[in-house]
Amino acid sequence: MQKLETLMLEKAKNLLSSGEVSRVLGWKKGELGYDVEPSVFTSAQSLDNFVYNVFCGANLSKYLVQETKKEGKILVFLKPCDSYSFNQLIKEHRINKDKVYTVGVECQGKIDNYKLKENGIEVVESFDEEVDFVTVNGKKFTKGEIVLGKCSVCEKKLLDYDEVISINEKRSPDKDRFEMVKKLESMTADERYAFWKDQLSNCIRCNACRNVCPACTCTKCVFDNDNSGIASKANSDSFEEKMFHIIRAFHVAGRCTDCGECSRVCPQHIPLHLLNRKFIGDINRLYGTYQAGEDTTSKGPLTDYTKQDVDPSDVFGG
Amino acid sequence: MKKIAISNIEKLYNEISSLQELYLPVKKAGATNFAKYENGVDVDIKSLQTVKSAKDLFFPQSEDMIDFKVSGKNIEIKDARAQSNPFVLFGVRGCDLKSFEVLDKVFLQEPVDTMYKSKRDAVTVITLACNNPESSCFCKVFGVDPANPKGDIQATIVGEEMFFEPLTDKGSELLSKLTTLEDGDEKAVESEKKEISQKVEKLPFVNLDLSNFKGENLMELFDRPEWEELSKACLGCGTCTFVCPTCQCFDIRDFETNDGVKRFRCWDSCMYSEFTKMAAENPRKTQMQRYRQRFMHKLVYFPANNGGEYSCVGCGRCVKKCPQSLNIVKVIKKLGGKN
Amino acid sequence: MQKIGVFVCWCGSNIAATVDVKKVAEVLKAEPGVVISENYQYMCSENGQALIRNAIKEHGLTGVVVCSCSPRMHEATFRKTCESAGLNPYMVEIANIREQCSWIHKDIEEATEKAIILGRSAIAKLKLNAPLTSGESAVVKRALVIGGGIAGIQSALDIAEAGFEVDIVEQSPTIGGNMAKLDKTFPTLDCAACILTPKMVDCAQNEKIDIMTFSEIESVKGFVGNFKVQIRRKARFVDEKKCTGCGECMQKCPSKKGLNDFNMGLNTRPAIYIPFAQAIPNVAIIDPEQCLKIKNGKCGLCAMKCNVNAIDYTQKDEIIEREYGAIVVATGYKPISLENFNEYGYSSYKDVVTSLELERLMNAAGPSDGHLVRPSDHKEPKVITFIQCVGSRDTSGCGKPYCSKICCMYTAKHAMLIREKYPDTEVHVFYIDVRTPGKNYDEFFRRAVEQYGVDYIKGMVGKVYEENGKLMVQGSDLINNEQVVIPSDLVVLAAAIEPNPSVRNIATMVTASIDTNNFLTEAHAKLRPVESPTAGIFLSGVCQGPKDIPETVSQASACAAKVIGLLAKDKLKCNACVSHSDEMLCTGCSVCANVCPYGAITYVDKEFRLGGGKTEVRRVATVNDAVCQGCGACTVACPSGAMDLKGFSNKQIMAEVDAICKR
Amino acid sequence: MQEINKEKKPLIVAFCCNWCSYAGADLAGSSRLSYPADVKIIRVPCSCRVNPMFILKAFQRGADGVIICGCHPGDCHYTTGNYYARRRMSLLFSMLDYLGIERERTRVEWVSAAEGAKFSKVMNEFASKINELGENKRLEDLRCKN
Amino acid sequence: MTNEALIPVVGVITDIRKDTPDVKTFRVVTPDGKKAFEHMPGQCAMLSIPGVGEAMFSITSSPTNTEFMEFSIKKCGCVTSWLHSCEVGQMVTIRGPYGNGFPVETAFKGKNMLFIAGGIGLAPLRSVINYVRAHREDYGTVDIVYGSRSMDDLVDFKEIEEEWKNEKDFNVFLTIDREQEGWDGHVGFVPAYVKEVNIPTDRTAILCGPPIMIKFTLQALLELGFNKEQVYTTLEFRMKCGVGKCGRCNVGNKYICKDGPVFRMDQLEELPSEY
């Protein structure tokens, strides 16, 4: 998989030197091997730190909201899931497409750093990625064991790009995307309440889920806006945890591409994607399968309707 | 020196909690945080670190200050600050313990913050030596010895036993009341400590150079061009500040209850875009400025006011928790000196 | 600081009997911001309004809360009151303590407590009200009448008479509607055609009126004063402009087996036909299902025969778009389907007919040229039995719960006409009640009984069955308390009437509301009977509820008067409670525009100052005040809260929620 | 079933659209068809004006049940408002259910201006259901309890 | 003042004076009619209305006033708008005093003073000016240059005209931005006027006003030969706690609420320009 990185680097250097783009949005080497960070590269020299590997889980699309406001064109590398967010942002006029050069890149799942730690790997000294396996510090894992939750259920494709850098066929998902949602739905209300109470009471309202979310690009979030009537900072009652997460999930309902960033970044491991995925599941079930970000023109399910839609009273979980 | 078999430790928790409220690392929904010991909680003493630091116990996420009753033009003020009962805080690691010193410098400085102080006075801290420091740990850089966290009582796990050594009167007093403990031998502890120290030396960030954070070069550091690149990926979330054991920025907010107004204070973050926003102006408009503020504060401003003491204890939480893998280590490596 | 006046109305004893109005006024006076709190017997009376006006002036009120009846009743009244005292009319809030409090609760304490909470909620909302002014929009001076029956014709004529242009859109090939099918009309027994056809001709000849028959409404957009309507002119395969209505083609057409709709399918007509002699427009139409040329390309006789080359087998539906200031819905009715009433044998026996079929059988232009004969064997019936209330006043679910209103009278008419023309015919009428309110109606009915000897039997019919070539009508005679069986030659069913099924679709398009029986809802049952709740939509005729001809005509004229009143205005005040976008919050994501039913939201690129001399161009939403109707769909679609609705803002509604929940 | 404190009667917030349901409520009133005083109505222009924030806010403030009433689908005064409301509320209520919050605490009913009787019936039913469920505990904000 | 730094006391607004179209001056005492606490010129207090918010305001009245405190407040945000809409008798909460204040007892003592203010910037200076008037013997000549957008926007116009102008060795220079009917005084911006007046450089200058005015006036003073060590100003920043703990007003190693709001220009130069 090292070859992918080489190809990407080549592409970036070419585009930079030809003047086609003035900046490159990609990932930068970290200190411990796994801690790669999103970065904007402006010169061939700075690209020395460029990496693309199994640790590049971060979704870069949201950075384009600000980046495309700047002078000049930017090259962005988009993994399949990032490209859905990208499309959705294009649909919502948040990104100026003329200012982006998109290169779709192959992704066979990205490593969950927490899982790495659980397996006793503190510093990545060496790694080797295959389509279905990854070897870190000599220890071989199946992708299913080690990748991010979002990656083990990923069904996303490489969508439209200016260019695509891909070598291998995409790995198929390890499990059903709605497995956990269904499991929760099959529980009793009391069990579900207990589950979420435990989960959400861990929330520290750091807003990482919101700030990383490509669907959350409001100029000012209602929760930060003292005039909105629901502004809040740290949760000072368990109600506020629910309020925040319900409203956030609702605000991205029909727009969430299920990129899984919310769960990836939550410092408390709250499976926030299960909230979004619940909405996605309900939308699919009630209004027909819909994948946000699959295109840049369709009406979202919450800005659409049919006369035959079910009544809220007839909607039951699962 | 006292000890207990780890297999018996629930008894100890029960005994402590029968004397005072006991707070210790508890795993809930997959995350370990300090929480009150109660029957049935999943105590997680093995995890090196809680997600939220121990500052939560003295400076909680949110705490009530005042209840106002408002009727017509009249206002009635009722002090709503809770008085803290004595409690035991168990399982504090060296870094978190060090953070109490940093927080004390803020909250116990005149005018003393009574909400903080009452909890600080009420606590008996049982620290716990770190048997297995992680790659993200760099507490040594800030003078912390993870093998020797000097709490009221210092606990060390050796094999299948936990050893307790009282270091203060408060500690001795508590320890003397604990009948579940038996006498233990110091030797095992000493060798464990040595082992820890050796492990610490091998950690990747143990030799971070802070020599450039001197104080007299404040403006030079402030104007360094590297801030732009360092902060590029910053989302402006508050994860680093909220998991940080020394971050202590807060907000004072009002909440309208059904029969009055509750004023409370809660954690705030200098990383938030609204943090310094005034009606018309915002002195820190860009995320770069806010990012710079946070690290300048920790590494330059705070030491300038506190005899060179940094407002970072090297716990590495930000290293582990930053969504985009930005952290203070990267800042120190760029700006700290010969890194 | 706000200075709020609270005015608690007794509504005589309507409120005061269950709500301690004095206590309500007293308690609300203590609310912050309230400077005066009064109670009075009738706030809506001149004296009550004067009380409010004086208080506004005297105390310099910044807002007024009236605790009274529903805002749907008097909000407008009190807004005007305040406006006349110099207060912005939108600084008024109504607490509905009559319909939603005193009238539904019995316990005084409970009702009083609720009234206080409702008052507080109104105060809480009012505190966040801002003075609003409404914009203006121009009025298109043209009306659309949907439906060309007597109701539509009358409305159109009256509107045209006042000098405004009117289009009639009729779905069938001719105007005239159900009335054109009638023989005579009660209670004067004039011939329907004699009084209707002149009006139809008037329509055709009036240059202000444009008749579009065989046409349907495709879509309606816009709002009062500015509707944009698409009309589908269905292909009739005959050029309307060329056809002279000579009827030559009808003679030559070889395909003659089409059921004659105009005669209720009692006889046949050719594939190319003119619905009836006096049809307007007097133009032929081809039934493509029946036409040999269109179906399989073999024929074309009519085209050959036509002297004016009016036949066009390739004609296509055409959609035209027109603008109107007002829309009249006059879609009329049809008799219900009788499939749920097998006991009367309608589908089994040819000689069981509906009253409307009887009209055709008795009509000189009908299938039997006016000789009343049985459909089965064309013999004169000697015993005719009428059955009333077939599907009317039916709560079993098979029919309609309402009274169709016209049956009693037309049955008396039929009975009378039969007895007049065929004195040897026996006429029996099974009835539940005979309802004859109306000028000269009861006299008319009594004439049928007393003068013409019609046999009225109070009772229900159990079943109709055939025996020995007779239709046996088995029913109960409640007065004589006996079962009767009447062997009849012809049975006539007074089928209930229901709104024309097309009305549902039209109602949706014009956003008029409809009741459970598919009758259009009027803006107020008593006070605004010819207007729909949707501004600019008016109701004419049976689409609003069962009516006979005199009533229909008077309502049609009333409706026309309302339309004229609207079209006479040059400008309309727009809704003041419109959405607006906070440009500082808007991200330009277009979600709001996606849910706006009126297309009121557009986007502009706007430059914003960021401070420090920097600027940023952002795409932000703007709302067209004249087009926005204030539904608020956009406000919920908008995740950032940039979209808000004036008069019903997020903060206002949340303040109401808070006030209600405080206890 | 929880015992409801006699002092603390249940509280039901009803959001009614101006054109149908609010008018339906008025008709219930003029027809003297009673329903419990626990039901307090907030008038909104259309059911599509009801923001999930309002519903959560009501629960936060101490409501025990929230009901949204609008025109029958197809009869919306604004043509399409209730269609959007229907989708929004379907999803929101399903989410509340997913979080373990009693389903019966929230409800959507279509009540036309002519359905005074239905309005009263719905409110009676809903109020008795809420009575049965007792106090709202799962979406309460303790700061608002006094 | 209690050492319970974050817990306020109740104050009552006993008088509201409309100074300009958007500035009102509020007089605040405790419910028993006393001054809530003592303060030094330039110090601030936190006023709040529960449920609306809390904000820091400069105390406009002089410490020598033993009866009450006054706050001149310009309507600009949430709290200020609320205050502008309230009436006499309204209670607020008050806590303080906060900040360092002007060095009236040290650096200023015995000096000739120059006060330069723009618009609402006069509010914090009013307290010093009146302090200087009350301790007239401790200070030399006093020059006051005060400018505003228009005549109507001059805060405390009455006091200036009737009292300040009549004070011994007080020179008051008023200016407005644009010509206006009824105004026969100077027209022009403050920085230019300062140069025009040509104030001797032996003054200790205190600047207060909008950032842009401060920037150009400082330039003007430097051009006149002033040193930065002679020039003071007072900063505005968002504050929450007022005691240097909440972190909000931290700029460099200073907390504006505690180490400020009064700074000497040369001190400010050592701070990052994030204020």
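**Exercise 1. Finding your way around chain C**

Which domains is chain C divided into? Work this out for the predicted model above, then describe the chain as a whole.

*Solution.* 
Step 1. Start with the domain assignment. Chain C is divided into domain 1 (4-126), domain 2 (142-234 + 317-332 + 500-567), domain 3 (248-305), domain 4 (335-498) and domain 5 (579-646).
Step 2. Now pick two of these domains and look at their spacing. The C-alpha centres of domain 1 of chain C and domain 4 of chain C are 56 Å apart.
Step 3. Along the principal axes, the C-alpha atoms of chain C fill a box of roughly 95 × 65 × 40 Å.
Step 4. Chain C has 19 helices and 34 strands, and 53% of its 663 residues count as buried.
Step 5. Finish with the contacts. Taking contacts in chain C between residues at least 6 apart in sequence, 70% join residues at least 24 apart.

**Exercise 2. A covered helix**

Find helix α12 (residues 355-362) of chain C and decide how many of its residues are buried.

*Solution.* 
Step 1. Recall the cut-off: a residue is buried if 20 or more other C-beta atoms lie within 10 Å of its own.
Step 2. Go along the helix. Ser355(C), Leu356(C), Glu357(C), Leu358(C), Glu359(C), Arg360(C) and Leu361(C) are buried.
Step 3. Count them up. That gives 7 of the 8 residues, and α12(C) is mostly covered.
Step 4. Look for the cover. It includes β19 (333-335), β20 (352-354), α13 (407-421) and β27 (490-495) of chain C.

**Exercise 3. Two crossing helices**

Describe how helix α1 (residues 21-30) of chain D packs against helix α4 (residues 116-133) of chain D.

*Solution.* 
Step 1. Take the geometry: the angle between α1(D) and α4(D) is about 90 degrees, and their axes are 7 Å apart.

**Exercise 4. A sheet in chain A**

Explain why β6 (127-129) and β8 (139-142) of chain A each have one side without a neighbour in the sheet.

*Solution.* 
Step 1. Write down the order. The open sheet has 3 strands, β6-β7-β8 (chain A), with antiparallel pairing.
Step 2. Find the edges. β6(A) and β8(A) stand there with a single partner strand each, so one side of each has no neighbour in the sheet.
Step 3. Note the twist, which averages 15 degrees from one strand to the next.
Step 4. Zoom in on one pair. β6(A) is joined to antiparallel strand β7 (residues 133-136) of chain A by 3 bridges; Phe127(A) has Val136(A) in β7(A) as its bridge partner.

**Exercise 5. Where chain C touches chain D**

Work out which helix of chain C gives the most to the side that touches chain D.

*Solution.* 
Step 1. Count both sides: 43 residues of chain C are in contact with 48 residues of chain D.
Step 2. List the contributors on chain C. α4 (71-84), α5 (98-102), α6 (108-126), α18 (633-637) and α19 (650-661) each supply at least two residues.
Step 3. α19(C) gives the most, with 8 residues.
Step 4. Sort the residues on this side of chain C: 20 are nonpolar, 14 polar and 9 charged.

Terms used: Residues are numbered from 1 along each chain as its sequence is written. Chains are lettered from A and ligands numbered from 1 in the order in which they are written. This is a predicted model: local features need pLDDT of at least 70, side-chain atom pairs count only at pLDDT 80 or more; totals for chains, interfaces and linings use all residues. Axes are lines fitted to C-alpha atoms, for helices over the stretch in contact, and angles run from 0 to 180 degrees between N-to-C directions. Helices (H or I, at least four residues) and strands (E, at least two) are DSSP runs, numbered from the N terminus. A residue is buried if 20 or more other C-beta atoms lie within 10 Å of its own, exposed if 12 or fewer, and partly exposed in between; C-beta atoms are placed from the backbone. Two residues are in contact if their C-beta atoms, placed from the backbone, lie within 7 Å. Two strands pair if DSSP finds at least two bridges between them. Domain bounds come from an automatic or database domain assignment. Ala, Val, Leu, Ile, Met, Phe, Trp, Tyr, Cys and Pro count as nonpolar, Asp, Glu, Lys and Arg as charged, and the others, Gly among them, as polar.
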